[in-house]
Amino acid sequence: MSVRTIGVVMNGVTGRMGYRQHLVRSVLAINEQGGVTLSDGDRVKLRPVLVGRSAGKLADIAARHAIPDFTTDLDAALADDDNLIYFDAQVTSARVKAVLKAIEAGKHIYAEKPTAESAQEALALAEAATAKGVKNGVVQDKLFLPGLLKLKRLIDGGFFGRILSVRGEFGYWVFEGDWQEAQRPSWNYRGEDGGGIVLDMFPHWHYVLENLFGRVESVYARAVTHIPSRVDEQGVTYQATADDAAYGVFELEGGVIAQINSSWTVRVNRDELVEFQVDGTHGSAVAGLRNCRVQHRSATPKPVWNPDLPVTARFRDDWQEVPDNMEFDNGFKIQWEAFVRHVLEDAPFPNDFASGARGVQLAELGLRSSAEGRRIEVPQL
Ligand SMILES: NC(=O)c1ccc[n+]([C@@H]2O[C@H](COP(=O)([O-])OP(=O)(O)OC[C@H]3O[C@@H](n4cnc5c(N)ncnc54)[C@H](O)[C@@H]3O)[C@@H](O)[C@H]2O)c1
């Protein structure tokens with residue numbers, strides 16, 4: 001068994017996702033466990049090269065984690081042949097330019113979602129990567145959440161019979177920033193900076209729906225800006241020009257209807273920040289980030305509508321918890337390991353730029369549906 005090290009250029013590591021999920025919980029965690037194991041037993045460690053706009057912030061992170069390489073010069077990092085992979089977790093609006101540069105430099109590319117702000121640009125990235133012959137992948141972390149893995153297990157095991165519908169509820173209250181600091185970056189609420197909950201969340205819903213239930217054939221969505229002004233990181237009031245809630249209906253191949261509410265303006269009265277209820281002829285399930293509860297047709301109560309009587313049934317008690325049956329690792333880390341194997345030994349990696357582009361396409365069509373007030377068919381890209 002041999003151990004080798006490859007360089008990974010990481011752009012946007014001062015951000016929420018870049019730092020916590022990708023640098024600390026994925027790349028550094030992989031090295032701590034001894035690297036990524038390849039099919040022949042060899043191991044690969046990752047040498048992060050931190051890239052960003054602020055040398056000071058990069059130096060802080062580098063010192064905190066004893067990382068020798070950091071620079072504000074993306075071109076220099078890309079020019080180094082030892083750096084095989086370029087990873088991008090910058091703000092969405094900065095992604096396309098940097099990724100195109102990295103493709104041109106012959107790097108294999110792994111990027112946060114959405115891969116671009118428009119379907120046309122997202123598709124252009126996929127085409128550029130294919131033309132250059134570089135591997136490409138997009139973060140689709142929700143597929144690796146324990147709750148959704150359990151849901152997938154139920155689908156694969158035939159639990160549902162014929163699936164009829166999916167109802168997703170995502171969201172939480174994001175503070176306006178005046179009397180309590182906002183817990184999301186202000187660019188999320190400015191359309192001109194790549195913000196908006198549709199562009200943020202519809203790419204997630206797309207790969208979840210496509211992978212678990214079938215191709216998304218049409219979308220009807222209403223995107224709104226409920227909170228018109230917010231206060232930014234500097235304490236300055238700004239106009240919220242992007243949608244902060246979206247109410248969507250998606251029709252899937254095979255006739256499954258999915259309804260998903262996405263909102264940064266909702267107070268949580270659920271067990272988890274996202275939950276999907278799936279109803280099928282033989283059973284139903286409610287899956288969250290970690291947990292999944294089921295009710296089989298044989299254990300389904302028979303409620304009778306009578307508003308004159310108080311409700312005595314405790315409906316939630318009639319559901320059963322799906323056991324873990326396995327250890328769940330961090331989803332971002334699992335996907336990093338899969339991408340490294342994809343780059344080094346051509347292992348399958350279905351979460352490519354083409355699938356990322358389909359996610360951006362759904363966001364774009366969702367926004368168009370909202371603007372035009374109509375249901376829109378999703379053409380095959
Ligand atoms: N997979 C997920 O679950 C998930 C969750 C949240 C965000 N994201 C995606 O990750 C990306 C980063 O989101 P985040 O929440 O970490 O954002 P963030 O604001 O916390 O971080 C953004 C990063 O981009 C850098 N940056 C580069 N150019 C910039 C510019 N012109 N203006 C401002 N910052 C610039 C910042 O310095 C910072 O490192 C986004 O594309 C977002 O859609 C993914």
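Which residues make up domain 1 and domain 2 in the domain assignment of the protein? Domain 1 comprises 3-141 + 331-353, and domain 2 comprises 142-329 + 361-376; these bounds come from an automatic or database domain assignment. The structure is a predicted model, in which local features need pLDDT of at least 70 and side-chain atom pairs count only at pLDDT 80 or more, whereas totals for chains, interfaces and linings use all residues. Residues are numbered from 1 along each chain as its sequence is written.

**Figure 1. The contact between domain 1 and domain 2.** The C-alpha centres of domain 1 and domain 2 are 28 Å apart. Contact involves 14 residues of domain 1 and 15 residues of domain 2, two residues being in contact if their C-beta atoms, placed from the backbone, lie within 7 Å. On the side of domain 1 that touches domain 2, helix 8 (residues 331-345) supplies the largest share, four residues. Helices (H or I, at least four residues) and strands (E, at least two) are DSSP runs, numbered from the N terminus. That side of domain 1 consists of four nonpolar, six polar and four charged residues. Here Ala, Val, Leu, Ile, Met, Phe, Trp, Tyr, Cys and Pro count as nonpolar, Asp, Glu, Lys and Arg as charged, and the others, Gly among them, as polar.

Figure 2. The unreviewed UniProt entry lists "domain: Gfo/Idh/MocA-like oxidoreductase N-terminal" for residues 50-135. The chain over residues 50-135 is 47% helix and 16% strand, with its end C-alpha atoms 21 Å apart. For residues 149-285, the unreviewed entry gives "domain: GFO/IDH/MocA-like oxidoreductase". The span 149-285 is 18% helix and 36% strand, and its end C-alpha atoms lie 13 Å apart. UniProt positions are given in the numbering used here, feature names are shortened, and annotations may be inferred rather than shown by experiment.

**Figure 3. The shell around the ligand.** There are 19 residues around the ligand, of which Gly15, Arg16, Met17, Glu112 and Pro185 come nearest; a residue is near a molecule or strand if its C-beta atom, placed from the backbone, lies within 6 Å of it. Helix 1 (residues 16-32) contributes three residues, the largest share of this shell. By class, six residues of the shell are nonpolar, seven are polar and six are charged.

**Figure 4. Helix 4 and its surroundings.** Helix 4 (residues 95-104) has as its buried residues Arg95, Val96, Ala98, Val99, Ala102 and Ile103. These buried residues line one face of helix 4, because they fall within an arc of 170° when seen down the helix axis; the arc is that of the directions from the helix axis to the C-beta atoms. A residue is buried if 20 or more other C-beta atoms lie within 10 Å of its own, exposed if 12 or fewer, and partly exposed in between, with C-beta atoms placed from the backbone. Lys97 and Glu104, on the other side of helix 4, are exposed. The cover over the buried residues includes strand 1 (3-11), helix 3 (74-79), strand 5 (83-88), strand 6 (108-111) and helix 5 (119-132). After helix 4 comes Gly106, with a positive phi near 85°.

Figure 5. Most residues other than glycine have a negative phi, and most peptide bonds are trans. The peptide bond from Lys113 to Pro114 is cis, with omega near -15°, and Pro114 belongs to the loop between strand 6 and helix 5. Ala66, in the loop between helix 2 (55-64) and strand 4 (70-71), has a positive phi near 50°. Ala66 counts as exposed because it has 7 C-beta neighbours inside 10 Å. Asp346, which is not a glycine, has a positive phi of about 60° and lies in the loop between helix 8 and helix 9 (353-372). Asp346 is exposed, with 9 other C-beta atoms within 10 Å.

Figure 6. Phe159 is located in the loop between helix 6 (146-156) and strand 8 (163-171) and counts as partly exposed, with 19 C-beta neighbours inside 10 Å. Not counting residues up to four places away in sequence, Phe159 touches Leu154, His282, Gly283 and Val294. Phe159 and Asp346, 187 residues apart in sequence, are 33 Å apart in space, C-alpha to C-alpha. Pro323 is in the loop between strand 17 (320-321) and helix 8; with 8 C-beta neighbours inside 10 Å, Pro323 counts as exposed. Along the chain Pro323 and Lys150 are 173 residues apart, and their C-alpha atoms are separated by 8.3 Å.
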